[in-house]
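Hi there,

Here is the structure I promised to pass on to you. Have a look at it first, and my notes follow below.

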There are 2 protein chains.
Amino acid sequence: MSEETPVLRRDAEHNRRRTLAAAREVFAARGLQATLNDVAHHAGLGVGTVYRRFPNKEALAEAVYAGKLDDIRATAQAALAGRDAYEALRAFLEHALEQAATDRGLRELIRQGTSDSERILRTREGIVESCGHLITRAQEQGTMRDDVTVEDIAPIVAMIDSVMDLPAAGAVQPWRRYLALILDGLQTGPDHRGRRSS
Amino acid sequence: MSEETPVLRRDAEHNRRRTLAAAREVFAARGLQATLNDVAHHAGLGVGTVYRRFPNKEALAEAVYAGKLDDIRATAQAALAGRDAYEALRAFLEHALEQAATDRGLRELIRQGTSDSERILRTREGIVESCGHLITRAQEQGTMRDDVTVEDIAPIVAMIDSVMDLPAAGAVQPWRRYLALILDGLQTGPDHRGRRSS
DNA sequence: ACCGAAGTGGATATGCAATATCCGCTTATG
DNA sequence: CATAAGCGGATATTGCATATCCACTTCGGT
């Protein structure tokens, strides 16, 4: 066992959880560019306390999001079991983007980023891989256009994300509308998506 | 005439043009967050020279982009004369986004931004307004879904922009594909966009 | 050719914001 | 109660962008 199990003092453990909870909230609201000072203050703790447990912001972000992202990957993998691959993909994307909609930090993490931890990177790859399988199967089932690729996943997610970043006009979130629009367009159309005559 | 016409010395005028040219290139390549030092160096000039002509970065950016943006607005207005409003809107968006595709600074300016000059803001409004007219006319012509609004323009542009910001996989720019996909989805479908049975 | 105004360069002052540390004090725990 | 662990938050450090200043150069009219 090279793994250290320092066995934190009770109060320390309590503060560790407080830190994580605060980080979740702050990152969700203001994104990953929020400072550890912000997080500490929001948790009612000193900065030093936060830095004692997490060497830097990236470590804290990973602690906060690794699980959440992994859940999403699990959902993607589970989607592979669905009968209708197109519908499974649609449902998965809606589910995953719903998470992103309420969490700006998660959104930033999902996007292609340079400063990501190895773990986050792998998880993201896994998600995309599952989506790729779904696309292939949907095409075999004749429900998805043949020119769709795994390469389309990242742009689609980026596009929907960008709508979420827009200053929301009303209370409603218009991203579902656009996701539906795009996915709808990727189906095999009734008349092979014929253009208007003129 | 409260307008000053300082009549620049020949070399000064030359350097002013050099500055603008350099700014165009640097902003296009690296976006508006490039520093005036970058611009000056790229122009082969000292920072002081740049600051002598343009009080700050925003002024320089406006000098660089005001014309370009105004051209886009003119194009939008011209599009109102088209017979087929849907097609005119499609062509305009493709044209405008083509400009954005090769100019990161323009892209950032087109997006909703806080630090924009009054002039830029008005121009953007004008563009959106023209798009709104096109949408209304297309609906009257029965070529566009009735639930489309002017409010859809900003998200659409944002979505396509976000694709452009993605690290380009190959040499090809996939944004046209997505723009076509989205606009296609906004047409009135042959069978009123019926969902698949299952 | 000369001279004053205009222009130039770029080192550097200024300001700001985020990161991370340090250490005197407090608290948990055996 | 002893002591190791933990805490707080002022502050050092770093990094970056903005903008200025002024000794020096160049232009252009006479």
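Let me begin with a pair of helices in chain B: α5(B) and α9(B) cross with a right-handed sense. Please keep in mind throughout that this is a predicted model. The two helices in question are α5, residues 85–101 of chain B, and α9, residues 175–186 of chain B, and their axes come within 11 Å and cross at roughly 155°. Angles over 145 degrees count as roughly antiparallel, so that is the label for α5(B) and α9(B). On the α5(B) side, the contact is built from Arg90(B), Leu93(B), Glu94(B), Leu97(B) and Ala101(B). Trp175(B), Leu179(B) and Leu183(B) are the partners from α9(B). By class, this contact has six nonpolar residues, two charged ones and no polar ones.

Helix α5(B) also packs against α4, residues 57–79 of chain B, where the axes come within 9 Å and cross at roughly 170°. α4(B) and α5(B) are therefore roughly antiparallel to each other as well. From α4(B), the contact draws on Lys68(B), Ile72(B), Thr75(B), Ala76(B) and Ala79(B). From α5(B) come Ala88(B), Leu89(B), Ala91(B), Phe92(B), His95(B), Ala96(B) and Gln99(B). Sorted by class, the contact of α4(B) with α5(B) holds eight nonpolar residues, three polar and one charged.

Nine residues of the contact between α4(A) and α7(A) are nonpolar, four are polar and four are charged.

Now for chain A as a whole. It has nine helices and zero strands, so to read its elements from the N terminus on is to read α-α-α-α-α-α-α-α-α. Along the principal axes, the C-alpha atoms of chain A fill a box of roughly 70 × 45 × 25 Å.

How is chain A divided into domains? Domain 1 covers 8–54 and domain 2 covers 57–186. The C-alpha centres of these two domains of chain A lie 28 Å apart. Across the boundary, 11 residues of domain 1 of chain A are in contact with 12 residues of domain 2 of chain A. Helix α1 of chain A (residues 10–30) provides the largest share of the domain 1 side, with seven residues. That side of domain 1 of chain A consists of eight nonpolar residues, one polar and two charged.

Finally, the interface between the chains. Here 26 residues of chain A are in contact with 24 residues of chain B. Both α8 (153–165) and α9 (175–186) of chain A supply at least two residues each to the side of chain A that touches chain B. Which helix gives the most to that side of chain A? α8(A) does, with seven residues. In terms of class, the side of chain A facing chain B has 13 nonpolar residues, six polar and seven charged.

The two chains also superpose: a rotation of 180° with 0.0 Å of shift along its axis brings chain A onto chain B, with an RMSD of 0.1 Å. The two copies are thus related as by a two-fold rotation axis. Of the residues of chain A, Met159(A) comes closest to that axis, with its C-alpha at 2.1 Å.

Best wishes

Terms used: Residues numbered from 1 in each chain as written. Chains lettered and ligands numbered in written order. Predicted model: local features only at pLDDT ≥ 70, side-chain atom pairs only at ≥ 80, totals over all residues. Domains from an automatic or database assignment. Contact = placed C-beta atoms within 7 Å. Helix = DSSP H or I, 4+ residues; strand = E, 2+ residues; numbered from the N terminus. Nonpolar A, V, L, I, M, F, W, Y, C, P; charged D, E, K, R; others polar. Least-squares fit on C-alpha atoms with pLDDT ≥ 70 in both. Axes fitted to C-alpha atoms, helices over the stretch in contact; angles between N-to-C directions. Parallel < 35°, antiparallel > 145°, perpendicular 65-115°, else oblique. Left-handed = near helix turned anticlockwise from the far one by under 90°.
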